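Trainee: Please pick one part of this model and take me through it closely. Then show me how the rest is laid out around it.

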Amino acid sequence: MLAKYLVRRVLATIPVVIGVTLITFMLMHVTAGSYIPGIDLNPNLKAEDVEAIKRYLGLDRPLYIQYITWLAGVGHGDFGRSMIDGSLVSSHIFDRLPATLELTITAILLGILISIPLGVTGALRRGSKIDHALTAMSVGGFAIPAFWLGLLLILVFSVQLQAWGLPFLPSGGVTTPGLGGGDLLDRVVHLILPATVLSFVYLSIWSRFTRSSMLEVLSQDYVRTARAKGMTERRVVYMHALRNAVIPLVTLVGLELPALVSGGLVVEVVFSWPGIGKLLYERALQTDYTTVLGITTFAALLVVAGNLLADILYALLDPRIRYA
């Protein structure tokens with residue numbers, strides 16, 4: 001049953017993927033056309049040299065042929081070649097992927113581990129001062145831009161603490177230069193500030209979502225029945241209510257799978273974190289639209305995978321849900 005469901009879902013995602021790639025491909029073409037970054041900086045290039053470069057990159061072909069050729073390559077894991085140096089886009093993606101995974105997985109785990117207890121606390125103490133404080137924190141998380149929070153933490157925990165002669169946190173990068181790649185402690189220290197900023201975004205959303213879901217579940221008949229049978233409040237909350245309350249949260253977490261690629265672009269740029277998000281930002285400024293297209297497509301594929309993963313986790317968490 002699960003195998004048939006997975007096959008149907010995968011087949012249903014094919015038109016979605018084609019639609020996303022087609023729209024993105026057309027937007028890249030409208031934005032950049034057949035422009036080759038840096039080609040106008042060399043006055044010695046002749047017209048035939050420019051045409052040879054375009055033939056090598058496939059830019060002399062009709063647009064639909066370019067798209068079909070590129071899409072066929074994506075099916076084999078080839079996202080094209082960079083317009084900057086002709087290197088494989090997939091190699092750039094997978095070179096930057098470990099740093100992005102390190103950052104985003106840490107941030108997502110922190111967000112889950114902190115937001116669920118906060119959401120449960122807010123639901124159990126609805127209307128209390130604690131609930132109002134948690135609400136204010138969540139609103140702050142929505143309102144505060146990630147780049148501003150990142151710069152503020154750098155100013156306080158990196159610049160100011162260092163000026164006071166106190167232990168301070170690094171302001172950017174993955175490791176300290178000169179340590180030969182950095183040991184585990186060094187990497188963890190560099191991870192603290194960017195992971196905190198990125199997890200704060202998740203924390204603000206997921207804690208409020210958990211609170212709302214818990215309030216709805218706690219009003220259900222089966223919860224009142226469990227209490228009427230003399231079951232302890234702790235067991236009612238954590239064994240019955242919470243299991244059903246976190247099911248909708250699975251969707252939000254599953255949809256964060258593309259963040260494993262982008263890594264929170266703003267956070268990576270602010271903290272000079274060498275991940276895919278920073279790569280996307282750098283290549284967009286350089287008009288390397290084939291790399292931008294490859295990263296965007298990779299993220300779109302992860303959106304599809306995230307939705308599929310969320311549906312599977314639904315059925316695992318709630319036996320009432322059946323594959324259809």
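Mentor: The part to look at is the pair α8 and α9, whose crossing is right-handed. A crossing is called right-handed if the near helix is turned clockwise from the far one by less than a right angle, and left-handed if anticlockwise. The model is predicted: local features need pLDDT of at least 70 and side-chain atom pairs pLDDT 80 or more, while totals for chains, interfaces and linings use all residues. Residues are numbered from 1 along each chain as its sequence is written, and side-chain values use heavy atoms, without hydrogens or water.

Two packed helices are described by the angle between their axes and the distance between the axes. Helix α8 covers residues 221–228 and helix α9 residues 233–245; they pack at about 160°, with axes 10 Å apart. That makes α8 roughly antiparallel to α9, a term for angles over 145 degrees. The axes are lines fitted to C-alpha atoms over the stretch in contact, and the angle, from 0 to 180 degrees, is taken between N-to-C directions. On the α8 side, Tyr-222, Val-223, Ala-226 and Arg-227 meet Glu-233, Val-236, His-240 and Asn-244 of α9. Contact means heavy atoms within 4.5 Å.

Now the rest. The protein has 14 helices and zero strands; helices are DSSP runs of H or I with at least four residues, strands runs of E with at least two, numbered from the N terminus. Of its 324 residues, 40% are buried, which means under 20% relative accessible area with a 1.4 Å probe on protein chains only; exposed means over 50%, and partly exposed lies in between. Among contacts between residues at least 6 apart in sequence, 72% join residues at least 24 apart.

Helix α5 (residues 129–143) has 15 residues, so at 1.5 Å a residue its span should be 21 Å, and its end C-alpha atoms are 21 Å apart, which agrees. The expected span is 1.5 Å times one less than the number of residues. Its buried residues are Asp-131, Leu-134, Ser-138, Gly-140 and Gly-141, and they pack against α4 (89–124) and α7 (184–218).

In α3, the buried residues include Gln-66, Tyr-67, Trp-70, Gly-73 and Val-74. These cover an arc of only 130° around the axis, which puts them on the same side of α3; the arc is that of the directions from the helix axis to the C-beta atoms. On the other side of α3, Tyr-64 and Gly-75 are exposed. Gly-77 follows α3 and has a positive phi, near 85°.

How values were computed:
Angles under 35 degrees count as roughly parallel, over 145 as roughly antiparallel, 65 to 115 as roughly perpendicular and the rest as oblique.
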